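I opened this notebook to record what I looked up, going from the whole chain to single residues.

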Amino acid sequence: MKDDQDIKETGPDLSKDVKIQADIPNGECGSATPTRLYKRRWVIVLLFSTYSLSNAYQWIQYGIISNIIMKFYNVDGFAVDWLSMMYMLAYIPFIFPVTWLLEKLGLRFTALVANALNCAGTWIKVASARPDLFWVTLLGQSASAVAQVFILGIPSSLASVWFGAEEVSTACSIGVFGNQLGVAIGFLLPPILVPNVDDVNDLAYHIRIMFYISACLATFIFILVVIVFQERPEIPPTQSQVQARISRSNDYSYMASIRRLLCNKAFMLLVISYGLNVGCFYAISTLLNRMIIEHYPGEEVNAGRIGLTIVFAGMAGSLICGLWLDKTKTYKQTTLVVYILSLVGMLVYTFILNLGHLWAVFITAGFLGFFMTGYLPLGFEFAVELTFPESEGISSGLLNCSAQIFGIVFTIGQGKLFDKWGTLAGNVFLCSFLLIGTIMTGFIKSDLRRQKANQQAEVQTVREMAADVQENILKERKL
C-alpha cells in the first residue's frame with residue numbers, strides 16, 4: 001500500500017469520481033476483483049500528448065526548411081536529412097534498454113527522463129544559431145532524438161494502465177494524436193518563423209527565435225510533468241490489467257518476454273508490415289520539402305502546409321479509427337482496409353505530384369495522410385491484442401524499431417532516386433513496399449488475446465452473480 005500512497009501524493013484525490021466494474025477472479029482466492037476508472041486518466045494522457053508534441057515538432061523542423069538550413073549552415077541536403085534521420089537512428093540501439101527501464105521503473109520515470117532530454121536538446125539548439133555551429137545543432141537534435149525513444153512506444157502502455165476496455169483504443173489514439181500534432185506544427189511553423197532571406201544575420205535571428213520558442217515550451221512541459229504525472233492508478237481499470245500486474249511480478253523475465261514476442265508469427269508479420277507503412281511516412285515527411293520545391297519552386301510555405309494537411313488528416317483518421325476499434329473490435333479488418341487505402345493514396349499522390357496543380361496535391365496529400373498516419377494507433381492496439389499479456393511497451397517498442405529501420409532505408413533510398421531519376425521513381429519505390437505490407441497484413445492471424453481475457457472476466461462475474469442469486473433463493477426456501 002505504500003506505493004499506492006505515493007501515487008496519491010502526486011495530485012488531488014479523484015477516487016470519488018470513478019466507475020466500478022466487476023473484474024477477474026483473483027488467482028488465489030477466486031473472488032471478483034473491483035476495478036476503477038479515475039478521472040485523472042484524461043489529465044495523464046493529455047499531458048503525455050503535450051510532451052510528445054514538443055518532441056515530435058523538433059523531428060521535422062529542419063527538414064521542412066531544408067533549403068534554408070543548407071544555406072545557413074553551408075551543408076548539403078544529405079546532412080540536413082540526417083537531422084531528421086537522427087530520430088530514427090537513435091531509436092534502434094536504445095529501444096531495448098529503454099523498454100527494460102519502462103518495465104523496471106515505470107511510466108513516471110520514463111516521462112521524467114524523456115522531458116529532461118527533450119528540454120536539454122532544445123536549449124542546446126538555442127546555442128547553435130550560428131553558421132559555424134552545425135555540429136552543435138546536431139548535438140541538440142541527438143538529445144531530442146534519444147528523448148523520443150522514451151516517448152514513441154508509450155501510448156498503448158499508458159492507455160492499458162489507465163483506461164477501461166471500452167476506451168483503451170481511443171486513449172491510445174489520443175496519445176498518438178499529440179505526436180501527430182507536433183509533426184503538424186513542425187510542418188507549419190518553421191517556414192513561417194524562418195523566411196528565406198539572404199542576409200545571414202537576419203537568418204540567424206529568425207532561427208534563434210524558432211529555437212527559443214521550442215525551448216521555453218519544453219521547459220514549461222517538463223515542470224508540469226514533474227508536478228502532475230503519475231505512475232499508475234491505485235486500482236487497475238480492467239480485468240486484463242489485473243492479470244498483467246500479476247504476470248509481471250518479481251519473477252517476470254524481460255528477455256523471456258522478448259523471446260516469446262519474436263516467436264509470435266502473427267506479431268512478427270505485423271512488425272514488418274507496420275515498419276513498411278510508417279517507414280514510408282517518415283521518408284515522405286523528411287523529403288517533402290525537396291519534392292514540392294522540385295515541382296513548385298519557391299513554395300516553401302506551401303510545402304509546410306501540405307505536410308500540415310497530411311498530418312491533420314491523419315489525426316482525424318487516428319481518432320476515428322480509435323473510436324471505431326472501441327466500438328467494433330475489428331482489429332485485423334480495420335488494419336487491412338486502412339493499409340489498402342494508404343497504398344491507394346500513395347499511388348494517387350505519386351502521379352498527381354508532377355501535374356502542376358498544387359490544389360490537387362493538397363487534396364491527395366490529405367487522403368494519403370488520413371489513412372497512412374491514421375494507421376499508427378491501429379498498429380499499436382493490434383499488437384497489444386496479439387501479444388497480451390506481454391508488456392505493451394515492449395511490443396510497441398519493436399513496432400517502432402521496425403519503423404525506424406525502414407524509415408532510414410526508405411529516406412536514403414528515396415533521396416538517391418530523387419537525385420538520379422526524379423520524384424516519380426522515388427515515390428513508385430515506396431508504393432512497391434506498401435503493396436508488400438498490404439499482402440503481409442492479409443496473412444496476419446487475428447488472435448485477440450486481450451479481448452478474450454476481458455470476456456472471461458465477464459463470464460466469471462455472471463457465474464458468481466448467478467451463484468449468489470441461487471444461494472439466496474435456497475436460503476429463502478429454507479425459511
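This is a predicted model: local features need pLDDT of at least 70, side-chain atom pairs count only at pLDDT 80 or more; totals for chains, interfaces and linings use all residues.

Entry on the core. I looked up the largest nonpolar core and recorded 124 residues in it. Leu158 is among those with the most contacts inside this core, together with Tyr51, Phe229, Ile292 and Tyr349.

Entry on the whole chain. I recorded 18 helices and two strands for the protein chain. Of its 479 residues, 56% are buried. The chain exposes about 19600 Å², and carbon and sulfur atoms supply 67% of that area. I then turned to contacts between residues at least 6 apart in sequence, and found that 83% of them join residues at least 24 apart.

Entry on Pro190. I located Pro190 in helix H7, which covers residues 168–193. Is Pro190 buried or exposed? Pro190 counts as buried because its relative accessibility is 0%, and the cut-off for buried is under 20%.

Which residues does Pro190 touch, not counting those up to four places away in sequence? I listed Tyr57, Gln61, Ile64, Ile65, Ile185 and Met210. For Tyr57 I also looked up the separation: Pro190 and Tyr57 are 133 residues apart in sequence, while their C-alpha atoms are 9.7 Å apart in space.

Conventions
Residues are numbered from 1 along each chain as its sequence is written. Side-chain values use heavy atoms; hydrogens and water are left out. Helices (H or I, at least four residues) and strands (E, at least two) are DSSP runs, numbered from the N terminus. Buried means under 20% relative accessible area, exposed over 50%, partly exposed in between (1.4 Å probe, protein chains only). Contact means heavy atoms within 4.5 Å. Accessible areas come from the Shrake-Rupley method with a 1.4 Å probe; for residues, only the protein chains shown count as cover. A nonpolar core is a set of buried Ala, Val, Leu, Ile, Met, Phe, Trp, Tyr and Cys residues joined through side-chain atoms within 4.5 Å.
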